[in-house]
Amino acid sequence: MLERNRIAAIVLATALLAPFAGAQAHDESKYPDWSGQWTRTYTGNPRYDQTKPIRKQEAPLKREYQARFEASIKDQDAGGHGLDTGYACLPQGMPRMMSGVSPFEFLISPGTEFSPRRIYTDGRDWPKTEETWFQGYSIGKWLDTDSDGRYDTLEVETRRMRGPHGWDQSGMPMADDDEAIIKERIYLDKSDKGLLRIEMTTTDNSLTRPWTVMKTFKHTAKIWWANDNCNEGQAHITIGKETYFLSGDGTIMPNRKDQPPPDLKYFNPVKK
């Protein structure tokens with residue numbers, strides 16, 4: 001286990017998911033051992049419902065959002081990005097960040113120097129603020145479900161998520177407002193402590209009903225934190241409502257067939 005400052009630095013540099021902070025009087029013997037590194041148990045792209053393909057999630061979308069999703073897929077098939085904002089290196093945000101976009105770890109501590117996501121377990125109420133966060137504001141409660149004197153489950157509710165946000169890189173949209181509520185129940189599998197279960201239910205105005213899935217992550221015995229800085233080598237350039245690609249020779253290329261060029265009205269024409 002790396003010392004805490006080093007962990008915080010790695011998290012900051014790579015935008016890894018989720019050290020969690022508990023702010024109650026801290027007795028380590030009462031808390032579960034979720035240390036180490038956790039990764040996805042499946043291949044392919046990370047997605048909200050890991051049991052279904054990324055473009056066939058069967059989300060209970062309202063008709064308007066289903067139409068937007070289909071338009072996003074069509075644009076991606078033509079070479080664009082659709083509604084996926086990941087290309088711009090915006091934070092993944094909730095609930096997407098909890099699909100195991102990158103390996104993650106838990107820090108259960110009275111205080112953490114830095115974390116992309118904190119879950120406060122000190123009994124606080126929701127803050128009276130209009131501020132939003134990509135990862136939302138999370139309040140949790142520890143449970144001792146088997147009455148053995150040790151916590152084994154963390155229940156979490158997350159609100160105030162900032163847009164634009166989506167479920168995965170397909171661009172399947174969430175509502176444009178900040179009214180989504182995500183509830184999680186996090187615990188180790190009772191028969192295999194190497195598996196972490198996260199039952200997640202999202203209530204969002206893009207859906208006809210709350211959408212519940214079970215996410216499973218596996219413990220990695222050999223820990224390696226890779227450097228994954230999205231901004232490094234970023235080759236996408238957004239001008240107005242269009243996104244172009246920066247070629248190796250430093251010139252702007254179209255992202256899709258028949259894409260209009262950028263507006264150069266503020267530049268002097270090139271004299272031949």
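The model is a prediction, so local features are taken up at pLDDT of at least 70 and side-chain atom pairs at pLDDT 80 or more, while totals for chains, interfaces and linings use all residues. Residues are numbered from 1 along each chain as its sequence is written, and side-chain values use heavy atoms, with hydrogens and water left out.

Start with the big picture. The protein chain has two helices and ten strands (DSSP runs numbered from the N terminus: H or I of at least four residues for helices, E of at least two for strands). Read from the N terminus, the order is α-β-α-β-β-β-β-β-β-β-β-β. The chain has 272 residues, and 43% of them count as buried (under 20% relative accessible area; exposed is over 50%, and partly exposed lies in between, with a 1.4 Å probe and protein chains only).

Next comes the disulfide. A disulfide is a covalent bond between the sulfur atoms of two cysteines; here the cut-off is a pair of cysteine sulfur atoms within 2.5 Å. The structure holds one, formed by C89 and C230 with their sulfur atoms 2.0 Å apart. The two cysteines tie together distant parts of the chain, 141 residues apart: C89 sits in the loop between helix 2 (63-77) and strand 2 (119-120), and C230 in the loop between strand 7 (211-220) and strand 8. The torsion about the S-S bond of C89 and C230 is about -85 degrees, so this disulfide is left-handed. C89 is buried, at 18% relative accessibility, whereas C230 is partly exposed, at 40%.

Three strands make an open sheet in the order 8-9-10, with antiparallel pairing (two strands pair if DSSP finds at least two bridges between them). Strand 8 (236-239) and strand 10 (252-253) are at the edges with a single partner strand each, so one side of each has no neighbour in the sheet. Strand 9 (residues 242-246) is joined to strand 10 by two bridges, and L246 stands opposite I252.

I252, in strand 10, is partly exposed at 43% relative accessible area. Together with I239 and L246, I252 forms a nonpolar surface patch of about 220 Å² accessible area (residues with over 30% relative accessible area and no salt bridge; nonpolar side chains, meaning Val, Leu, Ile, Met, Phe, Trp and Tyr, are joined within 5 Å, like charges within 9 Å). A salt bridge here is a side-chain nitrogen of Lys or Arg within 4 Å of a carboxyl oxygen of Asp or Glu.

Methods
Accessible areas come from the Shrake-Rupley method with a 1.4 Å probe; for residues, only the protein chains shown count as cover.
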